[in-house]
Amino acid sequence: MSGPEEPREHTDFRSEMSYGDYLGLDTLLGAQQPRTANHNELLFIVQHQTTELWLKLAIHELTAARGRIAADDLGPAFKMLARVKQVMGQLIQAWDVLSTLTPSEYSDFRGALGRSSGFQSYQYRAVEFLLGNKDASRIEPHRHRTDLSAALEQVLREPSLYDEALRALGRAGFSVPPDRLERDWTQPYEASDSVRAAWLAVYRDPEAHWQLYELAEKLVDLEDAFRQWRFRHVTTVERVIGAKSGTGGTAGVRYLRRVLEVRLFPELWDLRTEL
């Protein structure tokens with residue numbers, strides 16, 4: 001008596017969607033177009049293209065999480081923020097691959113980049129705006145594309161993730177100043193003693209305010225990972241180009257070090273001193 005027949009792999013995709021069709025691999029894998037014959041340029045392109053794919057997912061999750069927080073539906077927001085933290089982990093590890101590029105290898109094809117630079121990543125700017133690091137001048141490199149500048153203008157004008165977290169804190173009955181609940185969202189957030197006191201009350205009785213406590217910790221997790229990504233960026237750039245200016249006209253490592261000083265959710269870090 002024979003046993004059940006083993007399933008057979010499906011191999012005829014003349015009239016059906018294949019794996020490559022679903023993922024659009026012809027387009028995706030055809031998007032790497034080195035401008036020189038240098039062997040190492042493909043690494044540089046793949047590194048930055050995959051970064052942009054991860055940033056696309058981060059924007060998707062951060063936008064959705066912000067909406068959930070605004071609706072006081074915090075459970076799903078926690079999952080989304082945890083996912084973005086893991087995305088940052090992927091981005092941090094990716095620097096290990098790029099750091100295999102030596103200064104001499106990079107200098108052989110760096111001129112082919114012209115004025116293009118990661119500084120001009122509109123998706124990175126969207127992530128920064130969503131996290132509250134607002135600066136309208138960062139839209140300028142995208143003015144030649146009205147679709148991109150309009151999208152960034154919209155994110156600039158909307159409340160950030162942290163703005164919505166503070167509104168949730170206020171709706172829960174904590175004393176959040178009115179000028180932190182409604183303000184000009186295009187301006188960067190400034191720390192408030194009253195907001196710190198409100199978060200401090202949450203942390204002093206986490207069981208009574210568990211969801212807000214969890215929200216705060218998810219935000220700290222996210223900023224922690226974001227800082228690590230930026231730090232690895234600085235280290236890798238210094239390793240590859242030293243103190244040279246960036247191709248996009250920035251001060252290179254000096255500019256990136258200044259960016260490291262930006263704090264996204266300041267009260268959540270300050271309150272730790274008082275606990």
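Guide: Hi! Nine of the 10 residues of helix H6 (residues 122-131) are buried, so H6 is largely enclosed by the rest of the structure. This is a predicted model, where local features need pLDDT of at least 70, side-chain atom pairs count only at 80 or more, and totals for chains, interfaces and linings use all residues. Residues are numbered from 1 along each chain as its sequence is written, and side-chain values use heavy atoms, leaving out hydrogens and water.

Visitor: What do "buried" and "exposed" mean?

Guide: Buried is under 20% relative accessible area, exposed is over 50%, and partly exposed is in between (1.4 Å probe, protein chains only). Helices are DSSP runs of H or I with at least four residues, numbered from the N terminus.

Visitor: Which residues are buried in H6?

Guide: Among them are Tyr-124, Arg-125, Glu-128 and Phe-129.

Visitor: And what follows H6?

Guide: Gly-132 does, with a positive phi near 105 degrees.

Visitor: What's a cavity?

Guide: On a 1 Å grid over the protein atoms alone, a cavity is a set of points where a 1.4 Å probe fits but cannot get out; lining residues have an atom within 4 Å of a point.

Visitor: How many cavities of 30 Å³ or more are there?

Guide: The structure holds one.

Visitor: New topic: is Tyr-22 buried or exposed?

Guide: Tyr-22 is exposed, with a relative accessible area of 62%. Tyr-22 lies in helix H1 (residues 19-23).

Note on methods. Helix = DSSP H or I, 4+ residues; strand = E, 2+ residues; numbered from the N terminus. 1 Å grid on protein atoms, 1.4 Å probe; cavity = no way out; pocket = protein on both sides within 12 Å on 5 of 7 lines; lining within 4 Å. Points joined across faces, edges and corners; volume = space filled by probe spheres on them.
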